[in-house]
Amino acid sequence: MDPRDEQWKKMEEQAGSASGPLPKDAKKITMYSNGFTVNDGPFRPFSDPLNQKFVNELAGGACPAELKGDGDGPVHVALNDKRTEEYKEPPPPPYVMFSGEGNSLGGGGSASSATVQADAGCIQVDDDKPKTKIQIRFHDGSRKAQEFNQEHTVGNLRAFCMQCIGGQPVAIMGGFPPKEIADDGLTLKDAGLLNSAVTVKPR
């Protein structure tokens, strides 16, 4: 049996072990041939070891930390099988013509046009302290898996992401369902971002 098929079978067994209908807050995991999504969030390719660890934990009956959030109760998972399909990024929305004043040439540019240079970010990580890895998905679809210390703050994460897009202010979306993480004083651990994926958008 293909290893991925075996993993899926184990995940189905774990998901099916709960009795009764799934609650409305169940986590929806859609599995494709090349990766998966959680609650229709950012695509997470199998090529990233962090994502493979997520699947291995589910198949082994363990709940990944990012699905638990801040609660201690049971986590319900709904599986959607699309393993015969390869995930493809949806096309960008078409431009909409509108009337009104526009920016003159040389004026302020659109936030969505910010250029991503994922290797431009820099943060000092202490190998002697607990670490975590966060998968960052930028507004242009590019991704970067970056290591941090667990005691780094949301502000440190935000500063790193801003370095990657030329210093432009950013909004950070994380958790399930995704919501903006605005408190820069929280540690990554307290914000529930250990070994998680976040989406970053210029303001």
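## Basis of the description

Two strands are said to pair if DSSP finds at least two bridges between them. Helices (H or I, at least four residues) and strands (E, at least two) are DSSP runs, numbered from the N terminus.

The model is predicted, so local features need pLDDT of at least 70 and side-chain atom pairs count only at pLDDT 80 or more, whereas totals for chains, interfaces and linings use all residues. Residues are numbered from 1 along each chain as its sequence is written, and side-chain values use heavy atoms, with hydrogens and water left out.

## Strand 5 and its partners

With strand 6 (residues 143-149), the pairing is antiparallel and extends over seven bridges. The two strands form a hairpin with five residues between them, and Gly141 in the turn has a positive phi of about 95°. Strand 9 pairs with strand 5 in the parallel sense over three bridges; here Arg137 stands opposite Thr199 of strand 9.

Five of the seven residues of strand 5 are buried, so this strand is largely enclosed by the rest of the structure. Buried means under 20% relative accessible area, exposed over 50%, and partly exposed in between (1.4 Å probe, protein chains only).

A polar atom of the Thr132 side chain lies 2.7 Å from the backbone nitrogen of Asn195. Contacts (heavy atoms within 4.5 Å) of Thr132 beyond four places in sequence include Gln146, Glu147, Leu188 and Leu194.

Gln146, in strand 6, is also buried, with a relative accessible area of 14%. Leaving aside residues up to four places away in sequence, Gln146 touches Ile123, Thr132, Lys133, Ile134, Ile136 and Phe160.

## Nonpolar cores

A nonpolar core is a set of buried Ala, Val, Leu, Ile, Met, Phe, Trp, Tyr and Cys residues joined through side-chain atoms within 4.5 Å. The largest has 22 residues, and those with the most contacts inside it are Ile134, Ile136, Phe138, Leu157, Leu193 and Val200. Two or more residues each come from strand 5, helix 4 (154-164), strand 7 (170-174) and strand 9 (197-202); helix 4 gives the most, with five residues.

Among the residues that Ile136 touches, not counting those up to four places away in sequence, are Gln146, Leu157, Phe160, Val198 and Val200. A second, separate core of 14 residues includes Trp8, Ile29, Leu58 and Phe176.

Key:
Polar contact = N/O pair within 3.5 Å; in protein donor to acceptor, adjacent residues only side chain to side chain.
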